[in-house]
Amino acid sequence: MDWELPVIALRAKVMLPRTLDNVDVGRPKSKRALEEAQAGDNRVLLLAQRSPQIDDPTGDDLYSVGTLGVIKQVIRLPDDTLQVLVEGRERAQVESFLPGSSLRANVRTLPEIGDNRDDMRIKTLTEQIKSAFEQYAQQNKNLRLDSFHLENLRSLKESGPLADVITKYSTWDVADKQAVLEEVDVGKRLELVYGFLSRDLERFDTEKQISTRVKQQMDSNQREYYLREQMKAIQKELGGEEGLAEIDELRQRMLEKNMPEKAQERALKEIDRLEKMPGGSPEATVVRTYLDVMLELPWSEMDEEHLDIAHSEKILDEDHYALDEPKERILEFLAVRQLTKDIEGANYKAPILCLVGPPGVGKTSLGKSIARSLNREFVRMSLGGVRDEAEIRGHRRTYIGSLPGRIIQGMRTAGKINPVFLLDEVDKMTADFRGDPSSALLEVLDPEQNNTFADHYLEVPYDLSKVMFITTANTLATIPRPLLDRMEVIQIPGYTLNEKVEIAKRYRIPRQLSDHGLEGKLEFADAATKKIITEYTREAGVRNMDRMIAKTTRKFAKDFLDNPWNDVRTVDEEAVRKLLGVPPFRDSKAEKEPQVGLAHGLAWTAVGGVTLDIEAVSNPGKGNITLTGQLGDVMKESARAGIAYLRSRSENFNLPSDFYETRDLHVHVLEGATPKDGPSAGISMATAVVSALTGRPIRGDIAMTGEITLRGRVLPIGGVKEKLLAAHQAGIKHVIIPEANEASLEDVPEAILNDLTVTSVKDFEQVLDIMLLEPQTKEKTEFVPPQADGEPGTSPTTQA
């Protein structure tokens with residue numbers, strides 16, 4: 001049947017046929033629809049809104065299937081809302097909505113189909129629904145249904161009305177109830193209702209199981225709480241209340257600490273152990289110490305890293321003069337860090353930097369400057385003399401007085417998980433029966449492994465992957481190869497004279513004057529500074545220079561207290577000589593005069609390059625060869641190889657043909673208290689022997705370095721840069737190096753090369769052509785190197 005009916009929109013509610021329900025009407029359109037219905041035959045169409053948030057719904061906002069109802073009673077409430085009692089009659093389908101100030105629609109009623117009481121399927125579903133709804137009513141806490149209504153439901157025989165009434169009383173959402181309303185097939189409607197009931201019953205069972213488990217857990221917690229309270233009471237009677245308060249505080253702090261799961265689990269386990277121990281037992285003290293370490297270690301606390309290349313470069317230049325190559329490499333490293341910091345998924349494994357150079361050149365202070373430029377904490381750990389593996393990994397807690405390793409202690413001191421960690425003097429570790437600390441460092445300095453560093457004391461993995469490790473060393477020779485393989489080496493050479501003067505003027509002198517209270521009262525002349533550097537120190541770095549400046553300043557401080565002055569005094573060369581005494585390093589100008597049997601060699605040491613004076617004498621004898629000066633095996637073999645070559649070429653060099661039978665040779669390297677080794681003095685010792693046998697003087701203004709072979713070839717050597725620096729510092733103006741070492745000159749500072757004449761040779765005969773003078777020559781002659789084709793006039797490979 002078709003009707004034209006006013007429409008009342010229902011918000012969050014579905015009206016079903018054969019039910020009686022109250023509807024609140026408050027919106028203007030709904031009130032007008034109600035008035036129209038009352039003015040007619042009290043019939044109205046009740047449609048549910050698709051969204052309850054819409055205040056003024058249109059036809060598109062309503063479901064198309066609703067319930068045709070009859071208004072039974074209208075009550076006006078105090079807030080002007082109308083409470084309408086409506087009886088649902090039958091389902092109705094909207095054909096079209098009519099225009100107007102209120103909602104009106106042409107509707108068509110929907111008759112039910114398939115309501116056959118004799119159908120066994122319908123009967124079975126009806127009984128199952130009744131049984132399921134009884135369980136639903138018992139378990140649904142939100143459903144308030146008395147026994148009267150339940151009895152009425154049980155007495156219902158018709159299947160369609162049963163489904164509608166159960167849907168009315170259920171707590172399903174609007175979509176579920178609307179689905180039941182729209183289903184005109186009774187059998188399908190029963191299946192739909194039974195499915196919703198079964199779904200909710202299963203949910204109720206699950207909630208019940210969860211509730212049971214929670215209750216059991218709560219009962220267990222309450223029991224534990226009760227027992228703890230009893231323990232507190234007992235402890236209080238025994239005077240141990242403070243201990244329990246400490247336990248609670250430790251547990252609370254541990255839970256607040258942002259630890260990894262394994263670490264927190266271990267710490268809480270130790271707290272439980274501590275709680276059960278007598279307060280004064282030795283084991284309790286061990287556990288407390290362990291918990292203190294765990295709480296004081298940084299697990300997630302980080303410094304906000306300042307990655308700005310310009311800022312870092314400014315700080316490095318402020319703190320260090322020269323050192324251009326090390327600074328450049330550090331800035332390259334920081335540039336990569338800056339570029340990859342904000343890239344999602346970037347996993348840049350920072351290399352471990354190893355700063356290698358002589359003492360006093362600024363390796364440790366470079367590490368401090370890097371930390372300052374990055375705004376990170378700085379931790380220094382000296383490895384000099386460390387011989388126990390437990391120093392790195394810590395001791396197991398089974399030992400009395402056990403402690404974590406120095407790595408973990410350093411992290412504890414830093415208080416952040418991303419400090420700059422300087423491992424100083426990594427080349428001076430030793431090993432004994434207690435283990436090899438360098439092997440323990442392999443894990444620390446491996447970016448692929450150190451995110452799970454295992455300290456024996458902690459017994460839980462600790463993440464070191466965010467730490468920036470920097471190591472320092474004086475030499476690479478004593479660093480184990482596997483450890484060296486994990487580091488990127490940055491060589492830091494010694495300083496030139498001009499660089500030392502600038503360092504003294506910019507940094508050391510102002511600092512010493514400030515430390516000694518003589519700012520504005522004293523200044524150093526450049527000549528005095530140079531005198532201190534050249535005559536009172538012999539070093540690649542500036543540590544002794546700083547010590548001499550401090551010594552001079554102290555003497556002026558005492559003089560100022562005895563005889564104060566008002567003007568600014570200047571420290572000159574005479575004052576340096578008077579205050580510091582006799583210079584410990586003699587002037588080598590006299591040694592630059594040509595002499596028979598005296599050659600100047602160059603050597604490399606852990607503290608930088610040095611000059612070697614090599615003497616040779618030839619005495620009547622039986623061909624004995626004596627080598628003195630604390631020479632190592634390699635150096636002795638090099639000397640014997642050179643003499644063997646001279647014996648094979650005695651005619652070419654105008655040597656006595658039987659010198660190996662009639663002459664005894666003695667080669668001595670000065671400063672005999674210092675051990676020496678290596679092949680680089682080979683050409684120097686051979687030149688001294690030729691001079692001693694022929695009587696031809698050797699030029700004293702030239703130093704040389706190179707290994708000699710049995711065929712007279714001059715082989716390449718190491719440490720060219722350091723050796724040229726040593727020659728320049730000693731006043732040498734001309735140096736001979738192997739031809740194969742020409743490429744190494746690129747590492748030498750330009751200021752040094754501009755002040756030196758460097759000649760490269762590949763054969764020992766070239767060395768003699770340059771170094772030996774004629775016996776009758778008494779005065780120093782001008783050096784004219786030979787041409788490559790043997791003609792005099794130009795040097796084959798001379799670089800300045």
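The axes of helix 10 (residues 309–319) and helix 12 (residues 363–374) come within 9 Å and cross at roughly 145°. Axes here are lines fitted to C-alpha atoms over the stretch in contact, with angles from 0 to 180 degrees between N-to-C directions. Helices are DSSP runs (H or I, at least four residues) numbered from the N terminus. The crossing of helix 10 and helix 12 is right-handed, meaning that the near helix is turned clockwise from the far one by less than a right angle. Helix 10 makes the contact through His311, Ser312, Ile315, Leu316, Glu318 and Asp319, and helix 12 through Leu366, Ser369, Arg372 and Ser373; contact means heavy atoms within 4.5 Å. These residues divide into 3 nonpolar, 4 polar and 3 charged.

The model is predicted, with local features needing pLDDT of at least 70 and side-chain atom pairs pLDDT 80 or more, while totals for chains, interfaces and linings use all residues. Residues are numbered from 1 along each chain as its sequence is written, and side-chain values use heavy atoms, without hydrogens and water.

The structure holds 2 cavities of 30 Å³ or more. A cavity is a set of points on a 1 Å grid over the protein atoms alone where a 1.4 Å probe fits but cannot get out, and lining residues have an atom within 4 Å of a point.

| Cavity | Volume | Lining by class |
|---|---|---|
| Largest | about 50 Å³ | 5 nonpolar, no polar, 3 charged residues |

Lining the largest cavity are Lys130, Phe133, Glu134, Leu150, Leu153, Arg154, Leu162 and Ile166. Helix 2 (120–139), helix 3 (147–155) and helix 4 (159–169) each give two or more residues to this lining.

Conventions. Ala, Val, Leu, Ile, Met, Phe, Trp, Tyr, Cys and Pro count as nonpolar, Asp, Glu, Lys and Arg as charged, and the others, Gly among them, as polar. On a 1 Å grid over the protein atoms alone, a cavity is a set of points where a 1.4 Å probe fits but cannot get out, and a pocket is an open set with protein on both sides within 12 Å along at least five of seven lines; lining residues have an atom within 4 Å of a point. Grid points are joined across faces, edges and corners, and a volume is the space filled by probe spheres set on the points.
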